[in-house]
Amino acid sequence: MRLRILTALTGVVCFAADYTPEAVEAGKAQFLDACAACHGTNGEGGIGPSLVDGREVRRADDEQLFKSIRQGVPGADMPPFSFPDQQVWNLVGFVRSLSAPAVEANLDGDVAAGEALFFGAGGCVECHRIRGRGGPLGPDLSRIGASRRIDQIREALLDPNARITAGFEAATLDGNVRAVVKNHTNFSAQVLDSFGQLHLLRGDELERLRFEGESWMPRDVATRLEDDLVRDLVAFLSRQAPR
Ligand code: HEC
Ligand code: HEC
């Protein structure tokens, strides 16, 4: 089965085909009832394995997932579930959505509003590029919808220090220039400043560098933006997945 993305004229995006948003939503409710105790409320794992980044789920096709849920996993602690077929398919849809890249997820934000915010009042473009436009300090987000899951994008916005993207460790150069450290050893560092200038520091020159220990991402996205604006930004970023 294949997922198709439909973008309605309103900019509302849904993931169509075999798993309608309603099916995934129904699957989620069932999951909370029957599965979350072992797999975690967001499928992140617990007694049972993570269904978010587990290789098992990625490799299994839909029929195999169906079978695992219906019959359980013999010899392991995954019990069988005798739900009606439709309910098991809903669960399969939900389990799939957990590990899907953001572009395949079922979202209801306003993409156009998110884009306006990104390039405007949100201030994101100061540090991030999309399709060649924007500042150098943050990662290029032109393909973020294909390379990250929804929960990862949301976390990057709401809790940026939870996980810092490799090559974007924040540092200050010469006491007042914002920069990110691309890589460094005890003897040298490659540093990109907010003007887009690359510096190679060696030996004593490393003293020009002060590590911040926190991301340059604004810490106050959640408090500055209302929930629906954050949702719009996530929807816009999720669609950044050129073929
Ligand atoms: C009592 C704990 C428990 C419950 C409840 C449970 N699981 Fe599991 N689940 C497990 C364990 C343990 C495994 C790992 C099995 C193995 O070792 O392969 C697993 C594995 C899985 C897998 C991967 C199977 C595969 O293809 O290898 C899926 C998918 C899954 N569970 C979905 C669900 C769903 C959906 C529900 C709710 C209907 C559910 N589980 C309820 C414990 C549980
Ligand atoms: C002052 C510079 C700056 C601004 C402004 C900024 N960011 Fe960032 N952003 C960064 C840096 C640096 C990183 C990489 C470090 C990290 O993981 O937090 C990052 C990381 C991210 C990531 C994670 C990228 C990945 O690799 O997964 C996303 C998504 C993101 N920013 C979105 C935004 C959005 C949306 C805005 C506007 C609301 C914004 N950023 C504003 C600097 C900035």
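1. Two strands are taken to pair if DSSP finds at least two bridges between them, and strands (E, at least two residues) and helices (H or I, at least four) are DSSP runs numbered from the N terminus. In this predicted model, 5 strands form an open sheet in the order β6-β5-β4-β3-β7, with antiparallel pairing. The edges are formed by β6 (198–202) and β7 (209–211), each of which pairs on one side only. Strand β4 (residues 177–184) is joined to β5 (residues 188–193) by 5 bridges, and V181 has V191 in β5 as its bridge partner.

2. As to conventions, this is a predicted model in which local features need pLDDT of at least 70 and side-chain atom pairs count only at pLDDT 80 or more, while totals for chains, interfaces and linings use all residues. Residues are numbered from 1 along each chain as its sequence is written, chains are lettered from A and ligands numbered from 1 in the order in which they are written, and side-chain values use heavy atoms, with hydrogens and water left out.

3. Because H39 lies in helix α2 (residues 36–39) and M78 in the loop between α4 (62–71) and α5 (85–99), the pair ties together parts that are 39 residues apart in sequence. H39, at 10% relative accessibility, counts as buried, whereas M78, at 22%, counts as partly exposed; buried means under 20% relative accessible area, exposed over 50% and partly exposed in between, with a 1.4 Å probe and protein chains only.

4. H128 counts as buried at 10% relative accessibility, and M217 as partly exposed at 23%.

5. Two side chains carry a charge over a ring (NZ of Lys or CZ of Arg within 6 Å of the ring centre and within 35 degrees of the ring normal). R178 lies over the face of W216, 4.8 Å from the ring centre, and the charged end of K182 sits over the ring of F168, at 3.6 Å from its centre.
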